[in-house]
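Open the model in your viewer and keep the selection panel at hand. The stops below go from whole chains down to a pair of helices.

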Amino acid sequence: MKKYFLKLFYALIVRPWLQLIIGVRFENRETFDGLNQFIVVANHNSHFDTVSIMAALPSSKLYNTRAVAAGDYFGKTSISGSLMSLFFNAILINRNRQKGQPSTIDILDGYLKQGSSFILFPEGSRGKPGVMTDFKKGIAILLEKNPGIPFVPVYLNGFGRVLPKDKKFIIPLICKVRFGEPLFPKNKDVDSVLNEVKDAIVSLKNTDERDRNQFDF
Amino acid sequence: MNILGYQVPKELVVVMSIVFGVLTVCSVIFRILAKRKPSKMLTELIVRTNSWWFIAIGVAAVVIGPAILGTILVGYVSFVALREMLSISRFREADRSALFASYFAIPIQYYLAYKGYYEQFLYFIPLIMFIGIPVILVLTGKTKRIGVSMSLIPTMLMLTTYMLSHLILLFSLNVPDNSAGAGGLIIFLIMCTSFNDVFQFTWGKLMGQKKILPNVSPNKTWAGFLGGILTTSILGYCLQGLTPLTGQQALICGFILGVMGFLGDSIISAIKRDLQLKDTDDLIPGHGGAMDRLDSIILTTPVFYHMLRFFIAQ
C-alpha cells in the first residue's frame, strides 16, 4: 500500500513540483540501473536536500530507500515524526543517546542487513552554507561492515539558496542533483574511506560551475 | 479553416504548414544521414531540430488556442526566464524576500494583460514593482550592496516579464476583421525576430570583417547587422498578409524589429559575458537556456505592439 502511495505521490506531485516550479534538475539518474542496494552520499546544505534526492531516485527504488533524520529535531511531535516516516521512509535517530540504547551505526547496519538502502549526509548537520565540513566516521564503518553494498556519490548544487538554514520559505531557483557512478571503497581504514567518499562527491562538481549553495554576498 | 474546433485564418495555416513541413523534412533527412554515417554534428543537429519542434508546437498552441492558454504558456515562459536570470545573478541572502516578490509579479502582470487592463498593465511593473522591490529590500535592514539588488531585481523582471507580456496584449488589440487576427500578428513577430537572428548570423559569416561590438560579442559584425536588418525588412514586407499593415508599414516594422532583435541579443550577451557564462542555462538541448532563445524577442515584442497601435489605431 505504502509502496504505491510513495510511487504516485512522487510521480504526480513531488517530481513535477520540483522540476517545473522550483527548477530542480536530475542528472545521470541511469546510475541506479541494475543496482539493488546502495548508500547515497551527498553534501548537505538544506532541508530541501533529502526530498530532492528521494524524487531523483527511480520509482522502483523509493520504497526501499530510507532517509535518516535527527529525532530530537524532527521527532519533537509525534505528527512530524510520522509524516517524516510516511513521506521519506525516515528513521529518526536520537542524537543524545542514553546509555544502553543501541548506537546509530548498529541501527542503520541492521536496516542494511534487511535489504534497505540509505540516503546519508556524512557531514552530519547542514553546517555553514557552501562549506563542506569534515565527514562523520559512520559512513565508512557502514561501508566496511557491508562490503557488498556500493555508495553512490551525489553533488547537490543550489539547494542552499532555495532553502537556506534557518529560513522558512522556498524560492524557485535552478539547482542540480548530479549522481556519480556507484563505487566500492578501495581502502580498508576509516580515514582513507572517508577521503574516498569525499573525493567522489567533490569530483562531480564541474570545473566551470559556480557553487550556488550559498549567496554571493 | 477549422482546426480542432478553432477557426484559423488561411494565412496562418499556410505559414504553419511551411514551418512544420520544413521541420519534418529536416528531421527525416538528419535521421537518414545519421543512420548511414553517424557523426557528432548530426546528433547535435537532431537534438536542435527536436527542440525546434518543441518550440514550434508551443507557438502553434499560443497562436491557435484560446487566449487563456496562450496567457498561461507565455506566462510560464516568463517565469522560467526570470528564474534562469535570477539563478545566474549574484545576490545577497537578504534579497530572498524580494526575489520571492518578483515571482509574484508574473501572474499579476499576465492577468492584467489577459483582461486587457491596459493602463494598469503599463504601470504595474515599471511603477509598482520598481518601488515595491526596493521597499522590501529596505525593510530587511541590510544596507550593504543594497543598491545593486535594488536595480538588478526590477531590471530582470522588466526584461523577462514586462517585455514578453506585451505578446498577450496582442490578443486584445482591435485588428480589422479581414486580417489574420492576433495569431497572424504573433506569427509575424516571431518569424521576423527569429529569422533576423538567422540573417544576422549568415550575413556575418558570408562577408564581415569589421566587428560591431568587439567587447560584448565578438561574433557580431557590421555586415551581419546591416545585412540582417535589410533582409528582415524585406521579410516583413513579404509577410504583410499576416497583418493589417500596408506594405510600407510592414517594411518599417521589419526594419525596426531587426534593430531591436540585435539590441536584445546584445544585452543578454553582455550579461553573460559579465558572469563569464557561455549560455544562461542548459534547459533546451542544443540551444542553451530559455533566455538564450528569448534574447531578441524580449525587445521586439513591446516595440512591435506599440508600432501596431500607432499604425492601426489611427
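What follows is a short tour of a predicted model.

**Stop 1: the two chains**

Color chain A and chain B separately. Select the residues in contact across the boundary: 24 come from chain A and 22 from chain B. Together the two chains bury about 2100 Å². Carbon and sulfur atoms account for 53% of that area.

**Stop 2: charged pairs**

How many salt bridges are there between chain A and chain B? The count is five. Over all chains, the count comes to 16 salt bridges. One pair that crosses between chains runs from strand β1 of chain A, residues 24-27, to the loop between α9 and α10 of chain B. Select R25(A) on the strand and D281(B) in the loop. They form a salt bridge, with the closest N and O atoms 2.9 Å apart. Side chains of opposite charge can pair when their charged atoms come close.

**Stop 3: domains of chain B**

Now color chain B by domain: domain 1 is 1-65, domain 2 is 66-172 and domain 3 is 181-312. Turn to domains 2 and 3 of chain B, whose C-alpha centres lie 23 Å apart. In this contact, 19 residues of domain 2 of chain B face 26 residues of domain 3 of chain B. These two domains bury about 2000 Å² between them, 81% of it on carbon and sulfur atoms.

**Stop 4: a helix pair in chain B**

Select α8(B), residues 222-238, and α9(B), residues 247-274. Their axes come within 7 Å and cross at roughly 145 degrees. The crossing of α8(B) past α9(B) is right-handed.

On α8(B), the contacting residues include F225(B), I229(B) and Y237(B). On α9(B), look for L251(B), F255(B) and F262(B), among others. The residues of this contact of α8(B) with α9(B) comprise nine nonpolar, six polar and no charged.

Methods:
Residues numbered from 1 in each chain as written. Chains lettered and ligands numbered in written order. Predicted model: local features only at pLDDT ≥ 70, side-chain atom pairs only at ≥ 80, totals over all residues. Heavy atoms only, no water. Axes fitted to C-alpha atoms, helices over the stretch in contact; angles between N-to-C directions. Helix = DSSP H or I, 4+ residues; strand = E, 2+ residues; numbered from the N terminus. Left-handed = near helix turned anticlockwise from the far one by under 90°. Contact = heavy atoms within 4.5 Å. Nonpolar A, V, L, I, M, F, W, Y, C, P; charged D, E, K, R; others polar. Domains from an automatic or database assignment. Buried area = accessible area lost by both parts, 1.4 Å probe. Salt bridge = Lys/Arg side-chain N within 4 Å of Asp/Glu carboxyl O.
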